[in-house]
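Dear colleague,

Please find the structure below, handed over for your records.

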Amino acid sequence: MNLFLKELYHYFSNLIFNSFVSTNFLILFSIEDGNLFSWGYGYYGQLGHGNNSNLSVPTKISTLSNVVSIACSMHHSMAIKYINTI
């Protein structure tokens with residue numbers, strides 16, 4: 001296992017994953033605390049980071065929290081947030 005993969009494993013091995021979805025072009029996953037991460041091909045902005053950059057490592061989407069469900073396709077991704085309101 002190369003150094004990069006060891007670092008990724010070390011960082012993510014203690015997390016409890018809630019959801020994981022992927023296509024040939026992108027990967028999304030949410031963790032137990034409701035944070036969402038993405039990486040892959042981002043030409044259409046589908047990674048959710050506010051730009052069209054490709055990402056080669058899982059990167060937290062800082063504008064989303066309390067995520068309870070996720071979905072993606074080749075050119076888009078979606079997240080449903082939990083909002084505790086009456």
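Gly 40 has Leu 55 as its bridge partner in β4. Strands here are DSSP runs (E, at least two residues), numbered from the N terminus. Altogether, 3 bridges join β3 to strand β4 (residues 55–60), and the two run antiparallel; strands count as paired if DSSP finds at least two bridges between them.

This is a predicted model, in which local features need pLDDT of at least 70 and side-chain atom pairs count only at pLDDT 80 or more, while totals for chains, interfaces and linings use all residues. Residues are numbered from 1 along each chain as its sequence is written, and side-chain values use heavy atoms, with hydrogens and water left out.

β3 also pairs with β2: 5 bridges join these antiparallel strands, and Phe 29 has Phe 37 in β3 as its bridge partner. β2 and β3 form a hairpin with 4 residues between them, and Gly 34 in the turn has a positive phi of about 90°. Strand β3 (residues 36–40) is largely enclosed by the rest of the structure, because 4 of its 5 residues are buried (buried means under 20% relative accessible area, exposed over 50%, partly exposed in between, with a 1.4 Å probe and protein chains only).

Turning to the aromatic residues, rings of Phe, Tyr and Trp (its six-membered ring) are paired if their centres lie within 6.5 Å; planes under 30 degrees apart count as stacked, over 60 as edge-to-face and the rest as tilted. The count by this rule is 6 aromatic pairs. The rings of Phe 29 and Trp 39 have centres 5.9 Å apart and planes at 80°, so this pair is edge-to-face. The pair links distant parts of the chain, with Phe 29 in strand β2 and Trp 39 in strand β3, 10 residues apart. Phe 29 is buried, at a relative accessible area of 3%, whereas Trp 39 is partly exposed at 21%. Tyr 43 and Tyr 44 form an edge-to-face pair, 5.0 Å centre to centre with 90° between the planes. Ring pairs also link Phe 17, Phe 29, Phe 37 and Trp 39 into a cluster.

Tyr 43 is partly exposed, with a relative accessible area of 49%, and Tyr 44 counts as partly exposed at 49%. Phe 25, in the loop between β1 (17–22) and β2 (26–31), is partly exposed at 35%.

Yours sincerely
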